[in-house]
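Biologist: Could we go through this model together? I should like to begin with the aromatic residues and then turn to the helices and the pocket.

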Amino acid sequence: VRDASAGGGKERLCWLSTRSDLRRKVVSVACEAERKEFEMENLQAWLIAIWIGAAVIFFVAEIFTAGFFLICFGVGAAGAAVAAMLGVDPIWQLAIFVALSALALLFVRPFATRISRDTKNEVGIDRVLGKRAVVIDEIDPLRGMGIVRIAQVEWRAESDNGERIPR
């Protein structure tokens, strides 16, 4: 197709893709701008999918890890996906990803360290360690025997300093 008015008579060879085949057409210089626009729209569609995929991967991976670390990158990727949907340049999308991830790390890490402190395991013998007990059977380090009662439960006991503790 020749459009002498659009390109001043110049013709250029363009490749346009369709779903079924790749056809070669002769079009005017305007084809170059259309091709670039098509490529940019195609790139934006891919970037949206990539950012959404990255966000989902980070969020799912966070389920299997501790410390709220990967969720920060998920937030950054989600923000970059929104930017891609709005048509923001890919360099700015990357900048948004980095900035939001850094901000999320700054705000989430103090919270994560506060809630993930080591807590005492209050199960089994750990719940009675250090508590006062009543000696039921003499604690004798030579025999390696002794029984104490703590909160209506009897436990085998040993002397910390190796001394004999009478009943």
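**Aromatic cluster, helices and pocket**

Modeller: In this predicted model, Trp51, Phe58, Phe69, Phe73 and Phe97 are linked into a cluster by ring pairs.

Biologist: How many aromatic pairs does the count come to?

Modeller: The count comes to five aromatic pairs. One of them joins Phe58 and Phe73, a tilted pair with 5.8 Å centre to centre and 40° between the planes. The pair links distant parts of the chain, as Phe58 belongs to helix α2 (residues 30-63) and Phe73 to helix α3, 15 residues apart.

Biologist: And what of Phe73 and Phe97: how far apart are the centres of their rings?

Modeller: The ring centres of Phe73 and Phe97 are 6.5 Å apart, and the planes meet at 40°, so this pair is tilted. It also links distant parts of the chain: Phe73 in helix α3 and Phe97 in helix α4 are 24 residues apart.

Biologist: Is Phe97 buried or exposed?

Modeller: Phe97 is buried, with a relative accessible area of 15%, the cut-off for buried being under 20%. Phe73, at 21%, counts as partly exposed, and Phe58 counts as partly exposed at 23%.

Biologist: Turning to α3, what span should its 16 residues have?

Modeller: At 1.5 Å a residue, helix α3 (residues 70-85) should span 22 Å, and its end C-alpha atoms are 23 Å apart, which agrees.

Biologist: Which residues of α3 are buried?

Modeller: The buried residues in α3 include Cys72, Gly74, Gly76, Gly79 and Ala80, and also Ala77, Ala81, Ala83 and Ala84. After α3 comes Gly87, which has a positive phi, near 85°.

Biologist: How far does α4 reach?

Modeller: Helix α4 (residues 90-115) has 26 residues and reaches 36 Å from its first C-alpha to its last, close to the expected 38 Å.

Biologist: Where in α4 does the kink lie?

Modeller: The kink, of about 35°, lies at Val108, shortly before the proline Pro110. The buried residues of α4 are Gln93, Phe97, Ser101, Ala104 and Ala112.

Biologist: Now the largest pocket: what is its volume?

Modeller: The volume of the largest pocket is about 420 Å³. It is lined by 18 residues, and those closest to its centre are Lys131, Ala133, Val148, Ala157 and Glu158.

Biologist: Which elements give two or more residues to the lining?

Modeller: Those elements are β3 (134-140), β4 (145-150) and β5 (153-156). By class, the lining of the largest pocket has 11 nonpolar, three polar and four charged residues.

Technical notes. Residues numbered from 1 in each chain as written. Predicted model: local features only at pLDDT ≥ 70, side-chain atom pairs only at ≥ 80, totals over all residues. Heavy atoms only, no water. Helix = DSSP H or I, 4+ residues; strand = E, 2+ residues; numbered from the N terminus. Expected span 1.5 Å × (residues − 1). Buried < 20%, exposed > 50% of the residue type's maximum accessible area, 1.4 Å probe, protein only. 1 Å grid on protein atoms, 1.4 Å probe; cavity = no way out; pocket = protein on both sides within 12 Å on 5 of 7 lines; lining within 4 Å. Points joined across faces, edges and corners; volume = space filled by probe spheres on them. Nonpolar A, V, L, I, M, F, W, Y, C, P; charged D, E, K, R; others polar. Bend = angle between axes of the 7 residues up to and from the residue. Phe/Tyr/Trp six-rings, centres within 6.5 Å; stacked < 30°, edge-to-face > 60°.
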